[in-house]
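Subject: Structure handover

Hello,

Here is the structure you were waiting for.

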Amino acid sequence: MKIITTKNYEELSKKAANIIAAQILIKPECVLGLATGSSPIGTYDRLIKYYEDGDLDFSTISSVNLDEYRGLGPDDDQSYNYFMNEHLFSKVNINKERTFLPNGLEKDADKACNDYNNTIEHIGGIDLQLLGLGHNGHIGFNEPDESFPISVHCVDLTPSTIEANTRFFENEDMVPKQAYTMGIGNILNAKKILVVVSGKDKAEILNTVINGPVTPLVPASILQLHKDVTFVIDEDAASKLEK
Ligand code: GLP
């Protein structure tokens with residue numbers, strides 16, 4: 001596991017974007033696993049800048065996102081589909097036909113999950129998976145549990161995740177209570193993993209993820225077992241790291 005500590009969020013975003021840009025340059029037809037949340041926004045902004053400056057071409061890549069709220073479609077401004085259009089897809093020359101998210105509007109949960117597992121498989125696996133970190137150690141929407149879910153599944157969001165995500169909605173009642181998410185197995189199958197973590201509020205959980213035991217009660221702790229993981233974090237997030 002590699003840990004890159006940066007001065008602040010801006011530096012973190014630059015470093016993370018450089019790693020993604022390098023992946024695209026080395027393998028222009030790569031598959032990127034993408035994430036939502038506030039943490040990767042600066043990374044996406046930087047990637048957009050590289051595109052605008054003529055330094056990066058997204059036209060041959062494909063992408064698969066980690067997760068989507070169950071019940072929300074692409075036109076809903078709280079859906080992750082909308083988020084990705086807003087923060088990246090509409091601003092670069094990515095082929096929209098080659099961008100994939102779970103279908104939040106599919107009511108049949110088994111079908112939604114099977115379809116998305118097939119999508120990930122057919123696309124040939126993920127070259128680089130970008131991750132944020134939830135306050136309870138979740139990645140994607142893999143919440144603390146008694147075991148590690150392997151593949152795409154429908155999850156009941158925990159009260160703490162619903163509370164954390166309320167800031168994006170008018171009120172807590174409007175936050176969807178379920179989501180479709182890649183499983184831990186899908187994430188670990190990625191060839192490379194890049195985790196961006198920023199802020200004092202993530203310092204404690206980040207230390208647990210990196211230095212604590214590997215346990216499904218802290219889903220991101222499983223990343224300790226992956227052979228190519230890079231954490232790009234800022235000084236605030238690093239402030240409680242024991243080693
Ligand atoms: C959501 C997403 C995660 C994300 C997490 C942290 O729950 N499903 O993929 O990592 O939020 O978000 P933030 O970066 O805003 O703290």
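The largest pocket holds about 590 Å³ of space. The model is predicted, so to speak of local features a pLDDT of at least 70 is needed, side-chain atom pairs count only at pLDDT 80 or more, and totals for chains, interfaces and linings use all residues. Residues are numbered from 1 along each chain as its sequence is written, and side-chain values use heavy atoms, with hydrogens and water left out.

A pocket here is an open set of points on a 1 Å grid over the protein atoms alone, with protein on both sides within 12 Å along at least five of seven lines; a cavity is a set where a 1.4 Å probe fits but cannot get out, and lining residues have an atom within 4 Å of a point. Volume is the space filled by probe spheres set on the points, which are joined across faces, edges and corners.

The pocket

Lining the largest pocket are 35 residues, and Thr36, Gly37, Ser38, Arg167 and Phe168 lie nearest its centre. Two or more lining residues come from each of β4, α3 and α5 (helices are DSSP runs of H or I with at least four residues, strands runs of E with at least two, numbered from the N terminus). Helix α3 gives the largest share, five residues. By type, the lining has 14 nonpolar, 15 polar and six charged residues (Ala, Val, Leu, Ile, Met, Phe, Trp, Tyr, Cys and Pro are nonpolar; Asp, Glu, Lys and Arg are charged; the others, Gly among them, are polar).

Helix α3

This helix spans residues 80-87, and its buried residues are Tyr80, Asn81, Phe83 and Met84 (buried means under 20% relative accessible area, with a 1.4 Å probe and protein chains only). Because they cover an arc of only 160 degrees around the axis, they sit on the same side of α3; the arc is taken from the directions from the helix axis to the C-beta atoms. Their cover includes β2, α2, β3, β4 and α5.

The cavity

There is one cavity of 30 Å³ or more. Its lining consists of His135, Asn136, His138, Ser160, Thr161 and Ala164, of which one is nonpolar, five are polar and none is charged.

Asparagine 207

Asparagine 207 belongs to helix α7 (residues 203-211) and counts as buried because its relative accessibility is 9%. Beyond its neighbours within four places in sequence, asparagine 207 is in contact (heavy atoms within 4.5 Å) with Gly212, Lys240, Leu241 and Glu242. Its side chain makes a polar contact with that of glutamate 242, at 2.9 Å (a pair of N or O atoms within 3.5 Å; within protein, one must be able to donate a hydrogen and the other to accept it, and residues adjacent in sequence count only if both atoms are side-chain atoms).

Regards

Definitions and conventions: Buried < 20%, exposed > 50% of the residue type's maximum accessible area, 1.4 Å probe, protein only.
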